[in-house]
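The structure comes first, then the points by topic.

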Amino acid sequence: MKIIGLIITFLTGALLFYAADDFPAWSDPASPASTYLSPHFIEKTMEETSVPNIVTAVLADYRGFDTMFETAVIFSAGVVCFFLLRISRREEEEPETRSYRHVLTGVTIQLKEGHKMPPSADFERIDSMWTPPDLIIKTGCRLMIPFVQLFALYVIAHGHHSPGGGFQGGVILGASFILLAISHDPTTAVRRTSEKLIGILCAVGVLIYAGTGALCLLLKLNFLDYSALAGILHVDPITARSHGILIVEIGVGIAVLATMIWIYNNISSAGRYRQGL
Amino acid sequence: MIWQIDLAILTLVVVAAIGALMVKDLLGASVLFGSYSFMMCLLWSIMGAVDVAFTEASVGAGVSTVLFVAAVFRTTRRTKD
Amino acid sequence: MSEQYPALLVVVPLLSALVVSIAGWVNKRLCFPIAVAALGVAAWSAVGLLLRVLDKGVIVYKLGGWSPPMGIAYYIDYLNGLVLPVVAIVAFINLIANKKAVEQQFPDKIGPFYTLYLLMVTGLLGIVVTGDAFNLYVLLEIAALTGYGLLAMGEERAPLATLNYLYMGTIGACFYLLGVGYLYIVTGSLNMVDIARLLPPLYQSKAVLAAFIICMVGVWLKMAFFPLHAWLPNAYTYANSAASSLIAPLVTKVMIYVMIRLILTVFTPEFVFTTLALSNAVVWLAVIAIVMGAVLALAERNLKKMLTYIVVAEVGYMVGGAWLGNRDGMTGAILHIVNDALMTLCVFMVVGNIVYKVKGYAFEDLKGLFRKMPFTMGALVIGAMSIIGVPPTCGFFSKWYLIVGAISAGHYGFMAALIFSSMVSVVLFFRVFEICYFEPFADHHGHDNHPGGMDEAPVSMVVPLLIVAVILILVGLYTGDIVNHVIQFAIPETMV
Amino acid sequence: MTDLISMVVAKYNFWIYITLMMIGLYAIIAKNNLVKKIVGMNIFQTAIILFYVSISVKKGATIPILEHGHGPDAHHVVHAADYINPLPHVLMLTAIVVGVATLGVALALAIKVYDNYGTLEEDEILAQIREK
């Protein structure tokens, strides 16, 4: 297998080296890629969409259809992880001993097979491999998380003027929840963002995006033609495009936030949702 | 663009990539992969692709690495190659 | 509303996938009706589009209102006008037929299953309808990712087989992306029609040659064309039946559509068949694909795996036909996309019914099935006749065009391979029929009350299957119309 | 010799991308461990992203965010030569997202494989399958 791999790799490499010979010189301003489509984007973006960050404008407007499917890709990854890994309560095999933790004191107890703790707010069920989270890490992360989230919201909201946008902001926001799950334990994180909420938020995020597009369709323009929203938002069509981009960026942010948490929860607990990383 | 930094990072990218594949420990591989992603992110920000670099910093070096570590935690660190 | 059909076609399944996903958390029983309604609308718009294309010619739909090289546009011409209804209808019929099987296999995960199903159909329809090279990549990944999810839920070996598929599929998609990058660096455009306009002065460029080869290898990986087919049989065999009867008919066929689209529209036949001298070599590869597929199918003692090798052989038919470089071969290849999607659907649905009732698909599970499941086996006979190429069924006609194409290209090896594969198919299916007909039903599961009696799959599974069987014959009878009114215009006139 | 050096220097980004791609491709094909293959797959994808980003670079140009003000000079003329080509960046944002989505699915599958066989080494898994 190693030899076959080497042969294939070198064949591919040789083909690519051979072809790279014909490329226009690197960073050449006169290359076709820099002279054919991009000047239009650079020069016209401001007057056509009034968004200074050209990448955001092209991402969410000129090629907004790609981005909608990009969001759908991440959504489907979340659904696939859930579909593959999540173990429903019925299928789960019972361990011999059940472990419980007293929430206030952190004392853990184990009960032999067949014994169940009556449901109570003071005790919660944990895995046998549970370790108490470290106080310093816990406090440190608790202090960091609000700032991380604030930054994430800034990134989403300021995507028109600076690098960033719905996707990056959504990932950072999702990362803050993942940080919570790592520093405390997944049960704490799941209690704050329940599985059902996450699952629905994923779909809602993409739905905001696709729904905006469909709304344009209902307003008698083409799919994702945000200028159709001018009538609803009471602005001129150019500003409507800028607002349309913001709306879909928020949708992307919600979808990505929820999906990142969803994927992490499923992978780190292998679908059991009790204990993880 | 400062070519010395550029060259240094390009070398580090290749080193990190090879390291991630050579190291005989999956946790080490995931951490090296995180550093590879971060080097890549620096490279792109040098090239002026700020949005791409930002995304790679949050996705590649951030969430991907966490996902790797989580998966390794759920499976095993052992690897033969 | 009819000018919005191109958007509806893709957007309705996408929106409904999201709604189904939410409905899965609220009330599981809502999922199936929403999915059926959505795919119904999609199938309706696909047929509507085909009729509009027949009526008015090529349709261009600008997404976001931006005109083509700037924004993304949909181009619907005769080629994808024909493939779209096939994809939509196959997905629709399979959805209805598998309601019971899905409830049996994933009682807890009905919502996610239908979500993935709809997203997969969205991806496939989008691949077929789009006119933008990069948009195609994104949709390719949607179809692939959801496909991995659907295929991995199956037997014990399914996750490993799917993981191998994932590696190969990712390499394939990345190669395609790389090829598009090469085209972008030399032309500066991503729109297929625009690239085709800019390419002719660059035909001698090494970068264009490399772009073409890389794109082709990527697409071949995805369609499991012979030396790159290793992932397919296991991935399809161990999957659950509802997923494999969606994915086996559609994914490989849609990838063949992509290949034909790249040859006909992006790189143009002049470049592929005149400037490059590759076509002979590729046809020989196709010959090996057909022969190897047939031989490997012979070695299997397992109905579903045997069928997956037949899929590999059929990919060889279409690649070979498309690369013969003449009109008849291309006609045969395009016609075979339609026919093969339908007949693969038919046989895989039969397997689905058998799995539903007998819980197995090895040859020893099939004993006495003619008595037990007469309608299902009747459909298998028609499907098998179509795969073999017996006249009233559609498989005969596409094979006829392929053979005519092979003769006029002077490629007798390909012709011999086609005939050889037909003969092997005869052996394959009669071996199955023999077991099903003559050997008595083996009661090895021990919970069957009427060993000799009829125990057919539920009506909701049998009726769609019989409809597919009838469609197989109808398409065969109307082949002349399809070729004269649609396919003839799909192939550029420069190709003779 | 100077020709060769100048050629290498002129396009060294392309050489690096090809090297990384070869590393990734080799890892997917030849590595035995399933997670290592996933690492290789990601390196392969990032290499292609590097290629696209390299296309976008333009000498003497700055990042593709327009300078803008709200004062009297708010509507100054924008010259295409002053800004880097934004289109590849857009495409690659999408590709990065696709990459992380694929990564998530691949890791989920790897966990499922581990649950079934108790190992991530391909040869050990195949040996287990053969035994059955």
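In this predicted model, 64 residues of chain C are in contact (heavy atoms within 4.5 Å) with 58 residues of chain A. Chain C also meets chain D, with 29 residues of chain C in contact with 37 residues of chain D. As conventions, residues are numbered from 1 along each chain as its sequence is written, and chains are lettered from A and ligands numbered from 1 in the order in which they are written. Local features need pLDDT of at least 70 and side-chain atom pairs count only at pLDDT 80 or more, while totals for chains, interfaces and linings use all residues; side-chain values use heavy atoms, with hydrogens and water left out.

**Chain C and chain A**

- The two chains bury about 5,400 Å² between them, with 74% from carbon and sulfur atoms; buried area is the accessible area (1.4 Å probe) that two parts lose on being put together, summed over both.
- C:Trp25, C:Trp66 and C:Met70 supply 16% of the area that chain C buries against chain A, more than any other three residues.
- One salt bridge is counted between chain C and chain A, where the term means a side-chain nitrogen of Lys or Arg within 4 Å of a carboxyl oxygen of Asp or Glu.
- The side chains of C:Asp132 and A:Arg63 form a salt bridge, at 2.7 Å from N to O.
- Eight residue pairs, both at pLDDT 80 or more, are in polar contact across the interface of chain C and chain A. A polar contact is a pair of N or O atoms within 3.5 Å; within protein, one must be able to donate a hydrogen and the other to accept it, and residues adjacent in sequence count only if both atoms are side-chain atoms.
- Elements giving two or more residues to the side of chain C that touches chain A include helix H1 (5–26), strand S1 (59–62) and helix H5 (110–129) of chain C. Helices (H or I, at least four residues) and strands (E, at least two) are DSSP runs, numbered from the N terminus.
- By class, that side of chain C has 43 nonpolar, 14 polar and seven charged residues. Ala, Val, Leu, Ile, Met, Phe, Trp, Tyr, Cys and Pro count as nonpolar, Asp, Glu, Lys and Arg as charged, and the others, Gly among them, as polar.

**Chain C and chain D**

- Chain C and chain D bury about 3,000 Å², 80% of it on carbon and sulfur atoms.
- On the chain C side, C:Leu160, C:Tyr167 and C:Tyr184 lose the most area to chain D, together 21% of what that side buries.
- The rule finds zero salt bridges between chain C and chain D, and six residue pairs, both at pLDDT 80 or more, are in polar contact.
- Helix H6 (133–152) and helix H7 (158–187) of chain C are the elements that give two or more residues to the side touching chain D, and H7(C) gives the most, with 18 residues.
- That side of chain C has 22 nonpolar, four polar and three charged residues.

**Cysteines**

- Over all chains, the search finds zero disulfides (cysteine sulfur atoms within 2.5 Å).
- The sulfur of B:Cys41 is too far for a bond, because the closest cysteine sulfur, in C:Cys174, is 20 Å away.
- The sulfur of C:Cys174 is 12 Å from the closest cysteine sulfur, in C:Cys215, also too far for a bond.
- C:Cys174 counts as buried at 1% relative accessibility; buried means under 20% relative accessible area, exposed over 50%, partly exposed in between (1.4 Å probe, protein chains only).

**Chain D**

- Chain D has five helices and zero strands.
- Of its 132 residues, 67% count as buried.
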